[in-house]
Amino acid sequence: MAAAPHLSRITIVGIMLVMTSVSSNLNWGGDNWRHILGSDAKGYYAYLPATFIYHDLNIGFFDAIEKEKYNDPHLFYDYRATAHGKQLIKYFAGTAVAQLPFFLVVHAATTITGGDADGYSKPYLIAVNLAALFYLFVGLFFLDLLLARRGVGGWARAITLIATVFGTNLFFYAVGEPGMSHVYSFAFICAFLHTSERYFEKPDGRLIVVLGALLGMIVLIRPVNGMILLAWPFVAGDAGALKRGLLYPIAHWGRTLMAIAICAAIVAVQGMLYYIATDHFFVYSYPGEGIDLRTPHLVDILFSYKKGLFVYTPLYLLALVGGYHLWRSNRYGFVVWAVCLLVITYVLSSWSQWYYGGSFSSRVFVEYLPFFMIPLGMAVQGITTRPWRQLFRFAIVVLILLCQVQTYQYRYYQIHWSDMDREKYWEVFLRVDQLV
């Protein structure tokens with residue numbers, strides 16, 4: 001039992017070995033690498049070749065790459081938008097910024113060795129996959145720290161980390177579609193929450209600066225995820241700590257201004273990219289789409305057969321059982337956790353396309369996994385009655401297996417990327433015999 005505190009770290013290493021092996025088998029052999037970038041991921045990534053290879057943020061190279069050199073009708077996706085009479089990338093640049101170190105290393109190596117340095121050959125796309133695995137590791141590392149600070153022991157943390165990866169759609173967005181933004185957001189949000197807990201435990205000007213940088217990246221990847229600030233009452237632990245943490249920056253305004261400046265500078269990267277492309281700093285690149293808080297789809301985003309979070313990844317629902325243990329240990333924490341989770345769900349469900357296009361389960365919850373996994377870890381730790389503990393852990397195993405089957409079905413189009421309903425869902429439920 002002495003090694004139990006270190007078991008979660010060993011578990012993370014084991015998870016990463018498995019995920020790297022899965023990535024290698026699925027994505028790196030033959031022509032499989034061509035599928036690493038698809039749909040929105042092409043737009044996230046496009047900032048890198050556009051900036052460092054083609055020097056063209058108006059994407060004049062689109063036809064040569066997408067329609068000619070790497071032409072594939074099954075993978076074609078037009079990620080461009082038009083604003084002020086000029087073409088630009090529709091999506092935000094934060095994911096590309098997170099991928100940048102991997103891109104630069106591969107680009108330098110490919111150029112030096114005389115390879116195909118067009119930004120879209122095999123080494124570049126494998127680098128995207130490796131970037132996703134790296135940020136998965138970062139997210140798990142900080143999630144482990146979050147669980148430990150909540151008193152979750154080594155064995156319970158190990159079980160929770162395994163459930164986080166293999167029982168949710170985090171698995172798919174780390175290896176199936178590693179170019180999508182969610183695993184990157186997951187990493188930065190986990191780091192932000194951990195740093196916030198440290199800050200509210202003992203306010204420190206240096207941590208304010210770190211929080212400013214992390215928040216800047218979170219917003220640059222997906223602006224709506226700036227909602228993570230709503231988690232401060234939860235991570236503070238109690239009202240007194242929250243008050244002290246919010247008052248501290250006023251008395252230490254120098255570090256606060258530095259944090260604001262760093263956050264603003266990171267977010268301003270998007271404005272500069274827009275300006276280079278269109279001569280305007282502010283561009284809305286989602287015409288016809290947006291958030292309408294008057295028409296939320298709360299039931300749909302959680303329970304629908306089209307994309308319901310609890311239908312395709314029911315481990316999220318099981319995790320809510322841990323809310324009881326949160327209530328028992330800290331009623332203030334339970335209330336602010338529940339309110340925060342409800343507001344986040346309300347806002348995410350208010351997007352005009354509430355199912356977020358082609359995706360496995362409700363993909364926008366991947367980055368908010370800590371709000372589910374902290375209660376899950378507390379339940380794994382807190383259920384001490386033997387029959388109930390065994391039943392709960394058995395349920396986790398069953399739901400991991402269910403998630404893996406449904407992920408497999410989704411990858412091979414048994415579960416359609418967008419067109420699912422009750423009849424289609426139960427027609428293919430747990431069936432893998434129909435797959436090609």
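Which helix gives the largest share of the nonpolar patch? Helix H17 (residues 331–348) does, with three residues. Helices here are DSSP runs of H or I with at least four residues, strands are runs of E with at least two, and both are numbered from the N terminus.

This is a predicted model, in which local features need pLDDT of at least 70 and side-chain atom pairs count only at pLDDT 80 or more, while totals for chains, interfaces and linings use all residues. Residues are numbered from 1 along each chain as its sequence is written, and side-chain values use heavy atoms, with hydrogens and water left out.

**The nonpolar patch**

The patch on the surface is formed by Leu 230, Trp 327, Val 335, Val 339 and Val 343, which together have about 380 Å² of accessible area. Patches are made of residues with over 30% relative accessible area and no salt bridge; like charges are joined within 9 Å and nonpolar side chains (Val, Leu, Ile, Met, Phe, Trp, Tyr) within 5 Å. Areas come from the Shrake-Rupley method with a 1.4 Å probe, and for residues only the protein chains shown count as cover. Val 343 is found in helix H17 and is partly exposed at 34% relative accessibility. Buried means under 20% relative accessible area, exposed over 50%, and partly exposed in between (1.4 Å probe, protein chains only).

**Aromatic rings**

The whole structure holds 43 aromatic pairs. Rings of Phe, Tyr and Trp (its six-membered ring) pair if their centres lie within 6.5 Å; planes under 30 degrees apart count as stacked, over 60 as edge-to-face and the rest as tilted. Tyr 275 and Phe 281 are stacked, at 4.5 Å centre to centre and 15 degrees between the planes. Tyr 275 is partly exposed at 37%, and Phe 281 is partly exposed at 46%. Trp 327, a member of the patch, forms an edge-to-face pair with Phe 334, at 5.3 Å and 85 degrees. Ring pairs also link a cluster that includes Phe 172, Tyr 305 and Trp 426.

**Charges and the hairpin**

Arg 80 has its charged end over the ring of Phe 62, 3.8 Å from the centre. Likewise, the charged end of Lys 306 sits over the ring of Tyr 355, at 4.5 Å. A charge sits over a ring if NZ of Lys or CZ of Arg is within 6 Å of the ring centre and within 35 degrees of the ring normal.

Strand S1 (residues 80–83) pairs with strand S2 (residues 86–89) in the antiparallel sense over four bridges; pairing requires at least two bridges found by DSSP. The two strands form a hairpin with two residues between them, and His 84 in the turn has a positive phi of about 55 degrees. Ala 83 has Lys 86 as its bridge partner in S2.

**Salt bridges**

There are 18 salt bridges, each a side-chain nitrogen of Lys or Arg within 4 Å of a carboxyl oxygen of Asp or Glu.

| Pair | N to O distance |
|---|---|
| Arg 34 and Asp 31 | 3.8 Å |
| Lys 69 and Asp 118 | 2.9 Å |
| Arg 80 and Asp 78 | 2.8 Å |

Lys 69 is partly exposed at 44%, whereas Asp 118 is buried at 6%. Arg 149, Arg 150, Glu 197 and Glu 201 are linked in a network of salt bridges.
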